[in-house]
Amino acid sequence: MESPPGSARSSPEAEIGYRLEDLWDVQEPLLSPSEKLNSCFEGVTVSSFPHAPPSQVIEIPSDSSLADTVEILSKHKILSAPVRNVDAPEDASWIDRYIGIVEFAGIVVWLLHQSEVAALGMMADSAVAGLAATLGSVTLETTASGIGGSDVASTTAGGVAAAASPAKSGLEAAASMGGSFFETLISSDFYKNTKVRDISGSFRWAPFLALQKSDSLLTMLLLLSKYRMKSLPVVDLGEGRIENIITQSAVVHMLAECVGLHWFENWGTKKLYELGLPIMKPDRLIKVNEEEPVLKAFQLMRKKGIGGLPVVDGRGKKAIGNISIRDVQYLLTAPEIYKDYRSITAKNFLTAVRNYLEEHQEASAMLRGVITCKRDDALKDIILRLDSEKIHRIYVVDEKENLEGVITLRDIISKLVHEPYNYFGDFFDGVVPLPQNSRV
């Protein structure tokens, strides 16, 4: 039997694999492989899952500024973090202690609002001056759900009101100003002083939903795959605090450590097309042309609820790069890298960020180009590659390297388990309903 790469069968993830193996061997023989997997994961609790490194179990105080929040997420290389209510009493339950999840996706929502403000500046003689004059008077509103709705940005400057939908002009205005737009943005009092709690409705793409240690791995996997959850905090009910955070990446790492075990091989040796991957058809693949404004890429990610997309050449067939939702940090933490570009197109964004990463000797998947695979590759090979490359998606191409689809961590986990009828019951009581079929 093949051993998990580099684990020597001693890692905590491999130990989970062994427990699942024991359960697999005693399952009712009449069960289908899918039913057996469900039953195995139902038999192991979340308390068995390895703890994330301390650097990833991060909380954002609700009085943190947008600037501080971006810096914290970027520094710890995490996509999201729970927001702790600093006004909650010491003995508050976890429901009252946390007010939501702040994500780069939410920051993109805010950033797009500011591009609309830039459109107002274009109505004046100086776009940057117009931006600086209006930044302090922006108000954000959301729909009642606060999730996935149509957000509204309004501002007043000299009696001029911005309508809710000048997205195109806003994107073009911000892109045409290059780094100057973002330098002005991050130096504004609005960016430095606005607190996360002040715009929590815009930032909260998903509600704060926590696991208890007694919950099963099946519950965890379903929330990470069928529902819009990229990470799940595990709370200690006695202490009312977060004890662990489980991410999609951590689950895929666990799977990589289980290569060789019967339960894994039964599933992981199948080819992608045998499992119905990629899920998205080529003509439905979300992408951005290399000459389009980079803000359009972030706008599409926000609108479609995805965590990344390919940048394609002029023909729209071949990918020249990948932009993920977390890459918005490079617009907000290093705007000076765009000063030599007349506009920040998707292509210029990729070039500037790659140069920045090389200059600072920072490791990043962006430096390795587009990671691809073929439809007839085995799923376990894809899992091992995603884990070793530390990436969240891999693009499926044909023999001519034309794009055929994308496979995300969520797609892989969704093929591992299925949701039994009415499985969650009243699990979501008191929580805003979670949209399904997200591909972030």
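In helix α11, residues L217, L218, T219, M220, L221, L222, L223, L224 and S225 are buried, where buried denotes under 20% relative accessible area, exposed over 50% and partly exposed in between, computed with a 1.4 Å probe on protein chains only. Nine of the nine residues of α11 are buried, so the helix is largely enclosed by the rest of the structure. The model is predicted, with local features requiring pLDDT of at least 70 and side-chain atom pairs pLDDT 80 or more, while totals for chains, interfaces and linings use all residues. Residues are numbered from 1 along each chain as its sequence is written, and side-chain values use heavy atoms, without hydrogens or water. Helices (H or I, at least four residues) and strands (E, at least two) are DSSP runs numbered from the N terminus.

Helix α11 (residues 217-225) packs against helix α2 (residues 33-42) at an angle of about 115 degrees, the axes being 6 Å apart. Axes are lines fitted to C-alpha atoms, for helices over the stretch in contact, and angles run from 0 to 180 degrees between N-to-C directions. That angle makes α2 roughly perpendicular to α11 (65 to 115 degrees). In this contact (heavy atoms within 4.5 Å), N38, F41 and E42 of α2 meet L217, L218 and L221 of α11.

An open sheet of mixed pairing is formed by three strands in the order β1-β2-β3; strands pair if DSSP finds at least two bridges between them. Strands β1 (60-61) and β3 (98-103) stand at the edges, each with a single partner strand, so one side of each is left without a neighbour in the sheet. Strand β1 runs parallel to β2 (residues 80-84), joined by two bridges, and P61 stands opposite R84 in β2.

Technical notes
Angles under 35 degrees count as roughly parallel, over 145 as roughly antiparallel, 65 to 115 as roughly perpendicular and the rest as oblique.
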